[in-house]
Amino acid sequence: MQWCLLSILLVCTSASLRAQSSKRRCLDTPIDSTNPSSPVYRECHVERKAKVRSVGPRPQFTPNTFGPTNCYRATFEFVVDTTGKPELATARRVSSSDQFYADAIEASLGGLFYEPARLGASLVRQVVRYDSRLAITRTVVVSTSANGALSPPSATATPRRPIC
């Protein structure tokens, strides 16, 4: 009988700890923001999260095709307002694989447009995470031989899209 009660107690305690740890990931209070009259929420607080609707013009970035990098990545966090526009003053670089690529992505954030987040019937400001990736594929050039015949590329020269 004691073992049964002990095992029930352990199961209840374990479930309670899991619930508390999931709440820790999503804080109970909105995030501090530059506009205290309009709180900012995390994705876990809203009923419908903000979604990208359009990405605007391409970032002005020319990759170094001769360098060792085939993959470029940049991640930003920023607040999307109730009209769906990013608040650029809140943009924060989380990570990047290349400084120039991250700078180009940061400069293009203003061209993004989102469907705003909802909490109940209200549109609310939400922190979003924006990930951008660029994979460079090397192209194989087929050359002609001295007699004008095409020489096929070797099997090892087939371009492959890098995994970023």
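Trainee: Does Glu77 count as buried or exposed?
Mentor: This is a predicted model, in which local features need pLDDT of at least 70, side-chain atom pairs count only at pLDDT 80 or more, and totals for chains, interfaces and linings use all residues. Residues are numbered from 1 along each chain as its sequence is written, while side-chain values use heavy atoms, with hydrogens and water left out. The word buried stands for under 20% relative accessible area, exposed for over 50%, and partly exposed for what lies in between, using a 1.4 Å probe and protein chains only. Because Glu77 has a relative accessibility of 13%, Glu77 counts as buried.

Trainee: In which strand is the place of Glu77?
Mentor: Helices (H or I, at least four residues) and strands (E, at least two) are DSSP runs, numbered from the N terminus. The protein has two helices and seven strands, and from the N terminus on these elements run α-β-β-β-β-α-β-β-β. The strand that covers residues 71-80 holds Glu77, and this strand is β3.

Trainee: How many of the 10 residues of β3 are buried?
Mentor: For the protein, buried residues make up 26% of the 164 residues. In β3, the strand is largely enclosed by the rest of the structure, because the number of its 10 residues that are buried is nine.

Trainee: Over how many bridges do β3 and β7 pair?
Mentor: Two strands pair if DSSP finds at least two bridges between them. β3 pairs with β4 (residues 86-96) in the antiparallel sense over six bridges, and Ala74 has Ser96 as its bridge partner in β4. In β7, the bridge partner of Ala74 is Ser132, and the antiparallel pairing of β3 and β7 has a bridge count of 10.

Trainee: What separates the C-alpha atoms of Val127 and Glu77?
Mentor: Val127 lies in β7, which covers residues 122-135, and Val127 counts as buried because its relative accessibility is 14%. Along the chain, Val127 and Glu77 are 50 residues apart, whereas their C-alpha atoms are separated by 6.6 Å.

Trainee: Which element gives the largest share of the lining of the largest pocket?
Mentor: On a 1 Å grid over the protein atoms alone, a pocket is an open set of points where a 1.4 Å probe fits, with protein on both sides within 12 Å along at least five of seven lines, and lining residues have an atom within 4 Å of a point. The largest pocket has a volume of about 320 Å³, where grid points are joined across faces, edges and corners and a volume is the space filled by probe spheres set on the points. Of its 14 lining residues, those closest to the centre are Arg58, Pro59, Tyr101, Ile105 and Ser132. The largest share of the lining, four residues, comes from β7.
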